[in-house]
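Q: Could we go through this model together? I would like to begin with its charged pairs and then turn to the packing and the chain contacts.

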Amino acid sequence: MKLRVIGAVAILLSVIIASCQSEEQQEFQRYYNGGKIIYEQRCQNCHSAKGEGLSNLIPPLTDATYLKTNKAALACLVKYGIKETIITINGKSYEGAMPATDLAPVDIAKVLTYVTNSFGNKMGIVTSEQIDKDLLKCK
Amino acid sequence: MKKLTGALFIILLYTACKFNAADTPKLPIYGNRDTASKVVNGKTVIDSVYQTIPSFKFVNQYGDSITNKSLNGYVYVADFFFTTCPSICPIMHRNMLKVYDDYKNVSDFKIISHTIDPKHDSVAVLKKYADKLGISGNSWWLLQGKKEETYQLGEKSYLVAVKEDSGTPGGYVHQGWFVLIDKQKRIRGYYDGTDEKQVDKLRADIKTLLAETNTNIAQ
């Protein structure tokens, strides 16, 4: 009898966990798909469809180490653009300019979810709440 | 028997190829055209006169003076851009690099890119851009000159739109056309430089055009 109850509880728990996970998965997919559209409209001309950039003029978005180390600063880059800063990506330095955007925090979250989970990157969801926090720390 | 069918097959293939080669369509000639009569062997004949690219004078990324004469004997592709362009230029030059890679070692082919922002894009800025783009030598020239001359050349000769407009990103309106010019300085093709498929067509058409003009000269 006891065993049965434990079994039922265990099954129930695993169902709950599974459904939670799939909800998270759905949220991720929503951000990722929305981010793809924003990327195509706002970033792809410069960074290219495969995230490879353009020669030494525009950096690729494939440097997982750079993206991980600078994760909290990416929102500021996208919102305020980049000027007169030397950035080293995949061992090459870039000193181009990236324009500022008028994207809302939720859209920045979506496009960064797309970027950090494409082109060989796999960093998980970037939430809108996280972007709000990150934007407070922009220099 | 098997050998015989094999041989037949090869012969068929060969004739099919030959047939196709004779059928290769020539590229159209664009631009305004006029007729002119001239006297050949005592007879008056009517000739089509095609619009050609007129004389110009610019400097390239090395500071060398470049005129329309510098392009005598070359098939070339022209476009208009500026180095700080936030919109279509990166796509255009990502695509133009493919053309450059295909033909950079072909001695009678060139690419010229006119800056429409000569105030910012000095010779030094263009050289730096060329270096970062990864181009060297003389098969791709970035040309700088008087703004009015560049704009005139774009609108009246290459028949593409270029103008200043503070309302658009970067401050200029321009279209991403790649214009293909033959050795007689006639316009032979327009390709949307932001469209990979059209650029692939350009890459094929350059080959056709190089072959065509070469035979013309041999005749």
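Q: How many salt bridges does the structure hold over all chains?
A: This is a predicted model, and over all chains it holds 15 salt bridges.

Q: Which residue forms a salt bridge with E27(A)?
A: The partner of E27(A) is R30(A), and the closest N and O atoms of the pair are 3.0 Å apart.

Q: And how are those two placed in helix 1 of chain A?
A: E27(A) and R30(A) are 3 residues apart in that helix, so about one helical turn separates them.

Q: Staying with helix 1 of chain A, at what angle does it pack with helix 5 of chain A?
A: Helix 1 (residues 2–42) and helix 5 (residues 105–115) of chain A pack at about 95°, and their axes are 7 Å apart. Because angles of 65 to 115 degrees count as roughly perpendicular, helix 1 of chain A is described as roughly perpendicular to helix 5 of chain A.

Q: Which residues meet there?
A: From helix 1 of chain A, the residues are F28(A), Y31(A), Y32(A), G34(A), G35(A), K36(A), I38(A) and Y39(A). Those they meet in helix 5 of chain A include V106(A), D107(A), K110(A) and Y114(A).

Q: What is the make-up of that contact by class?
A: Between helix 1 and helix 5 of chain A, the contact has 10 nonpolar, 3 polar and 3 charged residues.

Q: Changing topic: how many residues of chain B are in contact with chain A?
A: In chain B, 11 residues are in contact with 13 residues of chain A.

Q: What area is buried between the two chains?
A: About 960 Å² is buried between chain B and chain A, with carbon and sulfur atoms giving 59% of that area. On the chain B side, P90(B), R94(B) and K132(B) lose the most area to chain A, and together they account for 58% of what that side buries.

Q: What about salt bridges across this interface?
A: The rule finds 2 between chain B and chain A. K132(B) forms a salt bridge with E95(A), where the closest N and O atoms are 3.9 Å apart.

Q: And how many residue pairs are in polar contact?
A: The count between chain B and chain A is 8 residue pairs.

Q: Which elements give two or more residues to the chain B side?
A: They are helix 2 (89–103) and helix 3 (123–133) of chain B. Helix 2 of chain B gives the most, with 5 residues. By class, the side of chain B that touches chain A has 6 nonpolar, 2 polar and 3 charged residues.

Definitions and conventions:
Residues numbered from 1 in each chain as written. Chains lettered and ligands numbered in written order. Predicted model: local features only at pLDDT ≥ 70, side-chain atom pairs only at ≥ 80, totals over all residues. Heavy atoms only, no water. Contact = heavy atoms within 4.5 Å. Buried area = accessible area lost by both parts, 1.4 Å probe. Salt bridge = Lys/Arg side-chain N within 4 Å of Asp/Glu carboxyl O. Polar contact = N/O pair within 3.5 Å; in protein donor to acceptor, adjacent residues only side chain to side chain. Helix = DSSP H or I, 4+ residues; strand = E, 2+ residues; numbered from the N terminus. Nonpolar A, V, L, I, M, F, W, Y, C, P; charged D, E, K, R; others polar. Axes fitted to C-alpha atoms, helices over the stretch in contact; angles between N-to-C directions. Parallel < 35°, antiparallel > 145°, perpendicular 65-115°, else oblique.
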